[in-house]
Amino acid sequence: MDGKTFRAWVKPNTIPLMFIHLTCHSTYSLQEGLVTPAELVQAAQTQGMSALGLTDHNLLTGSIEFVTACKDAGIQPILGLEVDIEGSPLQLLATSFEGWSNLCRLSSAIALDIPCSLELLASHSKDLIALSGNPKSLIDIFGDQLYFALSNPAQVIPDFVRPVAVHPIYYLRPEQAVLQRTLTAIRLSQTVEQVPVRSGMHFPSPQEMERRFADFPEALSATHEIAERCRFDFPLGVPHMPTVPLPEGVSAAEHLREKAFAGARTLYGEITPAIQARLDHELQVIARMGFEPIFLIVEDILNFARETGVPFSSRGSAASSLVAHCLGITSPDPLRLNLYFERFLNPARTTPPDIDTDLCSRRRDSVIQHVFDLYGAERVAMVGTINRYRPRSALADVAKAHGLSPSLIRELANQLPHSWWARFEESSSPFAELRAAHPSRGVIFDEAEAILNLPRHLSVHPGGVIVAPAALTDLVPVMRSGSKGVVITQLDLDSVEALGLVKIDLLGIRGLTVLGDVAQFIQESQPERFANRLDVLESTPSDDPATSKRVESGGTIGCFQIESPGMRATLREIHAKSADDIMAALALYRPGPLSGGLKDAFVRRFKGEEAVRHLHPSLAPLLDETFGVILYQEQVLRIAHELAGFDLSEADLLRRAMSHFDPGKKMQELERKFVTQAQEKSGVPLETGERVWEMMAAFAGYGFPKAHAASYAQVGWRSAWCKEHFPAEFMAAVLANWGGYYSQRVYLSEARRMGLIVRPPHVNFSGSSFQVRNGALYMGLEQVKELTKRTIGRIMQFAPFESLDDFLSRVDPRAQEAIHLARVGGLEGFGSIPSMLQRLESGWRAGQMSLFDWVDEGEDWTLEQKMDAQLELLGVSLEAHPLELAAAAITKSSAITTLEAAERIGRRVTVAGVRQTSHRSRTAKGESMLFLTLEDLTGTLDVIAFPAVYRAAKDLLNSSAPILVTGMLDMDASRGEPFLRAEQVTKLG
């Protein structure tokens, strides 16, 4: 029917209509929408709308964020999805949770490259309303759930379907149409000139829509009708526990209890009353909340890791659970460390707890594959994460859309602020310097800034795995990750948890890979003592004088979590000698304690420079281990529980409120209760109770979970033990796994400082990566520039070689590969480097033997020549660090090391080093300044050269020559790392 016939058909409606937008697209219509779900909801709330529909294109990523925003605003959320069918857009709206499930199934199928067909729609059409501008082929599928999407009053309305007024929204304001065109160009890999501006896609008011469709009152009222049909309670926070294999006739609760008590008997020998009471309490809480499957799943995962020799470690608050400890999920003993179960699982919570585990990064995928194999691919997925636009990616994508060349884009991107020094910039915009230097390109920088933090694409969460009770797509949409090809959720971590799905974090940690490599060497060399590599790590002694000495001296470069300059300085300051001391250092070395003065107070009291005074004697047993300061979050619980009689659940709620600095009425009530009960239970005077409360409130936000620190301290201690007793194997493992905090050059210097022999790649002794051979560390062949996998494979297959020609004839490398090996020392023993190069550069060809015309004579290269060649072809010199050649000049200059400097905050120091990285920037006045990382034999130190210093020493600071830098040492509290404010820069020597 045409518009005239339709107007005659409907009865005039004199009651004002309030239109509801049903077809909004958010930023999760990737590179299509510009508006966040929250901004859409705010616009609807401002316009007085009672409901709002979200129909992102193909993806449901923003759905939970949208539902939450709607509930906060008192607006009814209408969940939908836009798909493409027969060349036309189709909006689908859920009328029930089953409808949501069908949206999940459809979105998942499309994201997994199953074409959207009529057959696919028909199989997933239940409880879905369809809005289409081309409805003819859809009537048999959707029946009275089908509406004609009337977006233009001039459209001809089919006589077999009801119309509904719609307006596709992609941005809020009309002027954003130009920016939306740029986004479209980015998505289509085109330039903006090739993409038309899609005007009119803004958020019109209900009044504007009513004026536009004044002749179609039923099309307007249909928006309300559809909203009512889509009204259902979308449950958030309701746990969806997975099912786990159980012995016949045994419940999950019974099975978990049996395993927990069996583990306790193995760990403690006997079940004491304290152990019995603690296990009973934890198991009761776990059973009441129905969380047994989480513990059983993680236990199975880690049993698989044990059986296959994959090193792992607990992390986070799960170490507070005795049940988890008895199941072998966590390592620290919660009884010895006074860890409270409520810090991990508060009975007041409704969402499933996190049991996070770190795994060897190299073998983590095998553990994750076990989860898929055991529970089925239809029930398991990795958690998705939303990668958002950052300054570099935003600039690169926008500049490309505007037609800039790749080389110019790189040039512009290299002028953006880098890393830690960005916080010292005087402008809040990352593009301020570029705007000043390139005023003609202001539109590019404006648009790049406008899309900052918008979703760019979805990828894999670092470790999150979810296991659903049934088919995952009943609850959550999935897709395939482009980077790894694994199935991931379209929802991010927050959304997955809001839906009540069980998430297990299995994170790959390089430090555990290092430990695993060292442990494998130890196990293979002592098979009669250790059955597998994990036995080696489990047998690491907790008391070892040599390891204690190494930790106390800060000689922990390469050791997990305790190798940064500031961390090593902290170990030295508190004379850390054990895993428990490392635990304290990890808690001290956080932004909160550093900026709040807690660390300084701890150190002064530790050294006896300041007396430990407690506000009340009853605090002594609670805070003695940390010299009267609140260092761990658990101590807030202990004070509230033991001093004021709070039950542990309430004490943990108090800690959480304090950690979030909640100043509300609830906190005032808790304060009164704490002060009153502390007086009644422990005889604490009211005034003293108030001071204790203030102390708790001051430190609660800084406190670090003791359970987390305990887990990491154990790995740090084991790393230090390996480094002390198996130095060559440890440093080889660190280098083979590409280090950690520092550059490879620092780790090589550390190896030489330890007296280890470090050798370049050699055809007779090297593998693909670093390894120990004949008591020396040999760099891997993979690091030689332009050496192909084929040649590396043949070298490893046919080694050893007796001569240059033996090597050439059997490996048959390309001439350039052989030359590179000769230059870096990879053919040492076959002749001097100059002679071999003459032989290789004189027209040698594969299969050509010329022993009779090759004479090895003349002197070999100098040390400097070898260093230069290795730096060029390996990226680093193995012969020596530039500072090792300047040792005499450093001694004469009285410079201190970067490690020593890290202990002298607030003092003027002189440090010798070489530039590792640098970044030039400009002040608000347009003056150049430099941020650089200075490297010496003991580590690195960040340096700021302000304009006057930079002008005076520009050439030196931009060179690779060893330099002396004098200045004031300061602390960047937000990172917890020291930096040097340079006052003078001179050449070393």
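How do the residues of the lining of the largest pocket divide into nonpolar, polar and charged? The first legend gives the answer.

The structure is a predicted model, in which local features need pLDDT of at least 70 and side-chain atom pairs count only at pLDDT 80 or more, while totals for chains, interfaces and linings use all residues. Residues are numbered from 1 along each chain as its sequence is written, and side-chain values use heavy atoms, with hydrogens and water left out.

**Figure 1. The largest pocket and its lining.** About 960 Å³ of space lies in the largest pocket. Of the 36 residues that line this pocket, Ser331, Pro332, Glu538, Gln714 and Arg718 are the closest to its centre. Two or more lining residues come from each of the helices H10 (252-268), H12 (292-307), H13 (322-326), H22 (533-538), H25 and H33. H33 gives the most, with five residues. The lining divides into 16 nonpolar, twelve polar and eight charged residues. Ala, Val, Leu, Ile, Met, Phe, Trp, Tyr, Cys and Pro count as nonpolar, Asp, Glu, Lys and Arg as charged, and the others, Gly among them, as polar. A pocket is an open set of points on a 1 Å grid over the protein atoms alone where a 1.4 Å probe fits, with protein on both sides within 12 Å along at least five of seven lines; lining residues have an atom within 4 Å of a point. A volume is the space filled by probe spheres set on the points, which are joined across faces, edges and corners.

**Figure 2. Helices H25 and H33.** H25 (residues 579-588) and H33 (residues 706-725) pack at an angle of about 125°, and their axes lie 8 Å apart. H25 is therefore oblique to H33. Angles under 35 degrees count as roughly parallel, over 145 as roughly antiparallel, 65 to 115 as roughly perpendicular and the rest as oblique. Axes are lines fitted to C-alpha atoms, for helices over the stretch in contact, and angles run from 0 to 180 degrees between N-to-C directions. Helices (H or I, at least four residues) and strands (E, at least two) are DSSP runs, numbered from the N terminus. On the H25 side, Ala579, Ile582, Met583 and Leu586 meet residues of H33 that include Tyr712 and Trp717. Contact means heavy atoms within 4.5 Å.

**Figure 3. Helices H10 and H11.** H10 packs against H11 (residues 273-289) at an angle of about 155°, with the axes 11 Å apart. The two helices are therefore roughly antiparallel to each other. Residues of H10 in the contact include Leu256, Phe261 and Tyr268, and among those of H11 are Ile275, Leu279 and Leu283. The contact has eleven nonpolar, one polar and two charged residues.

**Figure 4. Helices H7 and H16.** H7 (residues 177-188) and H16 (residues 391-401) pack at an angle of about 90°, their axes being 9 Å apart. H7 is therefore roughly perpendicular to H16. Thr182, Ala185 and Ile186 of H7 make the contact with Asp397, Val398 and Ala401 of H16.

**Figure 5. Two loop residues.** Most residues other than glycine have a negative phi, and most peptide bonds are trans. Asp127, in the loop between helix H5 (118-123) and strand E4 (128-132), has a positive phi of about 60° although it is not a glycine. A cis peptide bond, with omega about 5°, joins Ala799 and Pro800. Pro800 is in the loop between helix H36 (789-798) and helix H37 (804-811).
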